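Here's a quick briefing to read alongside the model. Have the sequence and the 3D view open as you go.

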Amino acid sequence: MPPAVSPAPFRPLSLALPYLAPHRGRLALLGVALVASTAVAVAAPQLLRRFVDRAAEGAGTGTLLWAAAAFAGLALLAEALLVLGDALAARVAWSATNALRLDLVRHCLRLDLTFTQRHPPGALVDRIDGDVGRLANLFSRMVPLLIANGLLLLGIGVALLATDWRVALGYLPLVGGGVVLLRRLTRGAVPAAAAQRAASAALLGRVAEHVDGLPDLRGAGANDVARRAFWRDAATLLAVARHAITLGVRWPAAAQGLASAGLLLALLAGAALHLGGHLSLGGAYVLIAYAGMLQMPLLHIAHQAHDLQQALGAWQRVGELLAERPSVVDGPGRLPRPAGGALGVALEEVTFRYAPDEKPALDGVTLRLAPGRRLALLGRTGSGKSTLAGLLFRFADPTSGRVLLDGHDLRGLSGDSVRRQVGLVTQEVRIFHATVRENVSLFDTWLSDRQIEAAVREVGLGDWLDALPDGLSTRLGAGGRPVSEGEAQLLSLARVLVTDPALVVLDEPTSRLSPAGRRALHTATERLLAGRTAVLVAHQLDTVRTADEVAVLADGRLVEHGPRAALLEDPDSEFSRRLSAGELGR
Ligand SMILES: Nc1ncnc2c1ncn2[C@@H]1O[C@H](COP(=O)(O)OP(=O)(O)O)[C@@H](O)[C@H]1O
Ligand SMILES: [Mg+2]
């Protein structure tokens with residue numbers, strides 16, 4: 001069992017630095033572009049100020065044209081810098097997060113099986129794709145936008161200070177108060193919008209369910225119940241939506257109001273200062289121009305702050321995932337190839353718990369199997385058979401006790417060398433959307449077509465292979481050639497056969513095959529097991545009949561183990577009792 005992962009302190013920067021470091025140069029350029037585009041945006045009204053003042057002084061058209069051209073040039077420059085900044089930010093964000101995505105996938109593949117059981121595939125996809133996508137958005141859009149808009153507010157402040165200190169004094173509380181007020185208004189708005197989406201999804205889900213189940217609902221006379229449930233969902237949606245819409249219009253309206261107030265103040269101050277002789281006409285114009293520039297940054301900052309929180313949440317989840325440690329650690333040793341091609345197996349006092357507070361799935365199991373022997377493992381559902389099979393393949397390490405292969409503790413061996421010699425056929429067969437070749441070799445490119453084809457024929461799929469349009473290159477699974485359950489099971493045997501293992505662990509499928517399918521599977525299994533040590537989690541009498549030894553598990557304990565023939569002769573043995581009670585399928 002993995003040691004409980006103590007939540008590592010969340011350090012966003014130390015998590016991001018390794019990914020951002022390779023882009024140092026681009027980030028520096030991005031910083032320059034942001035500062036420069038802000039400077040240009042703030043400088044533009046100053047040009048207009050000269051234009052207005054010159055015009056008021058009665059300057060000639062030539063001078064005015066020059067000023068106008070300079071203004072146009074500046075505006076173009078500002079846009080060009082923005083585009084450059086966007087491109088740089090996107091480039092950095094997507095390369096950095098793609099590297100992160102790759103690391104996450106690698107990391108998850110290294111974690112042991114208990115991890116994938118704790119995190120269902122959907123949740124993992126959301127982490128690796130959804131959360132990382134949110135991070136890309138954070139770096140490519142939110143952070144640059146926040147910095148650009150913050151710089152713009154700062155730049156306007158500085159420009160106002162240079163224009164007239166009294167105006168600058170009024171600017172500070174207006175912008176500071178505005179940001180605080182807008183933050184407060186947006187805080188409730190986004191969760192309310194999320195609640196509206198959830199309520200709407202619930203309503204749609206109910207409609208779909210009711211339409212699907214219409215015959216049943218009618219048959220049961222449950223129309224009124226359905227109508228009331230629908231009514232309740234609709235009423236919820238109405239209330240939630242009304243709330244969301246109210247909150248949703250409040251903050252943009254407030255930002256607009258603030259900007260208008262700023263404009264009004266600028267008009268009043270500009271007029272007063274100009275009439276009092278403290279400010280030229282151009283100076284008064286500049287005040288108004290800056291007031292007009294306020295609305296966008298206020299809106300952006302208020303809005304992005306929430307997205308930023310969400311992105312930080314995504315970042316934290318990614319950090320937690322990266323902090324997960326595999327409980328199974330590769331040892332330094334290599335499992336030598338046994339001389340006779342078959343491995344000896346031993347379990348010593350093996351206890352295994354899936355979680356520290358759960359009752360053990362295996363409880364003090366001691367069991368020995370000599371090389372080349374075949375063991376049938378019996379027991380009711382939940383008795384621990386699959387758990388034992390998984391321990392032999394080292395999906396996890398025992399909580400206490402040891403698992404030995406030819407006398408080597410699995411903990412001391414490299415996972416690769418174990419997997420090369422232990423073949424596992426699990427209860428559930430997964431056929432990948434890939435070629436027959438890839439489905440048998442499991443993407444191991446070292447295996448030759450000859451080896452793959454031999455394994456496919458060996459398990460009795462020769463005719464099937466010959467009938468395929470593209471032979472080993474035929475694509476299987478969704479969108480390709482459909483695979484029947486029986487074929488899938490034979491393919492899963494071919495997968496193991498092609499690796500030529502010295503121990504086969506077979507968790508027999510409980511699914512029902514046709515008699516012909518069962519016979520084919522039986523023959524293929526015999527071929528796979530010949531000359532090898534085997535541990536069979538057996539559900540079928542046919543399978544048990546081929547075993548040299550029988551072991552019976554009950555509630556995680558080994559209640560019986562002995563040669564099959566001896567147990568069969570003893571009417572008091574657990575094995576005999578279960579056989580006569582008809583607990584095995586035939
Ligand atoms: N991934 C898991 N997490 C927690 N408990 C598990 C898990 N897999 C199996 N168990 C529990 O361990 C016990 C043994 O299960 P298992 O080895 O699958 O039994 P069998 O294969 O004999 O049906 C059962 O009580 C089962 O509920
Ligand atoms: Mg099982």
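This is a predicted model: local features need pLDDT of at least 70, side-chain atom pairs count only at pLDDT 80 or more; totals for chains, interfaces and linings use all residues.

Residues are numbered from 1 along each chain as its sequence is written, chains are lettered from A and ligands numbered from 1 in the order written, and side-chain values use heavy atoms, leaving out hydrogens and water.

- The chain is assigned domain 1 (12-323) and domain 2 (345-431 + 483-580), with bounds from an automatic or database domain assignment.
- Taken over C-alpha atoms, the centres of domain 1 and domain 2 sit 58 Å apart.
- An unreviewed UniProt entry lists "transmembrane region" for several spans, including 168-186 and 257-276; such annotations may be inferred rather than shown by experiment.
- Residues 168-186 are 100% helix and 0% strand, with end C-alpha atoms 27 Å apart. Helices here are DSSP runs (H or I, at least four residues), and strands are E runs of at least two.
- Residues 257-276 come out at 95% helix and 0% strand, and their end C-alpha atoms lie 28 Å apart.

**Aromatic pairs**
- There are four aromatic pairs, counting Phe, Tyr and Trp rings (the six-membered one for Trp) with centres within 6.5 Å; planes under 30 degrees apart are stacked, over 60 edge-to-face, and the rest tilted.
- F139 and W315 pair edge-to-face, because their ring centres are 5.3 Å apart and their planes at 80°.
- F139 is in helix α5 (residues 121-163) and W315 in helix α10 (residues 295-323), so this pair ties together parts 176 residues apart in sequence.
- Both F139 and W315 are buried (under 20% relative accessible area; exposed is over 50%, partly exposed in between, with a 1.4 Å probe and protein chains only).

**Salt bridges**
- The model holds 22 salt bridges, each a Lys or Arg side-chain nitrogen within 4 Å of an Asp or Glu carboxyl oxygen.
- D449 bridges to R437, with the closest N and O atoms 2.7 Å apart.
- Since D449 lies in helix α14 (residues 449-458) and R437 in helix α13 (residues 436-441), the pair ties together parts 12 residues apart in sequence.
- D131, R134 and R317 are linked in a salt-bridge network.

**Surface patch**
- L161, W165 and L169 make a nonpolar surface patch of about 380 Å².
- Patch residues have over 30% relative accessible area and no salt bridge; nonpolar side chains (Val, Leu, Ile, Met, Phe, Trp, Tyr) are joined within 5 Å, like charges within 9 Å. Areas use the Shrake-Rupley method with a 1.4 Å probe.
- W165, found in helix α6 (residues 165-212), counts as exposed at 54% relative accessibility.
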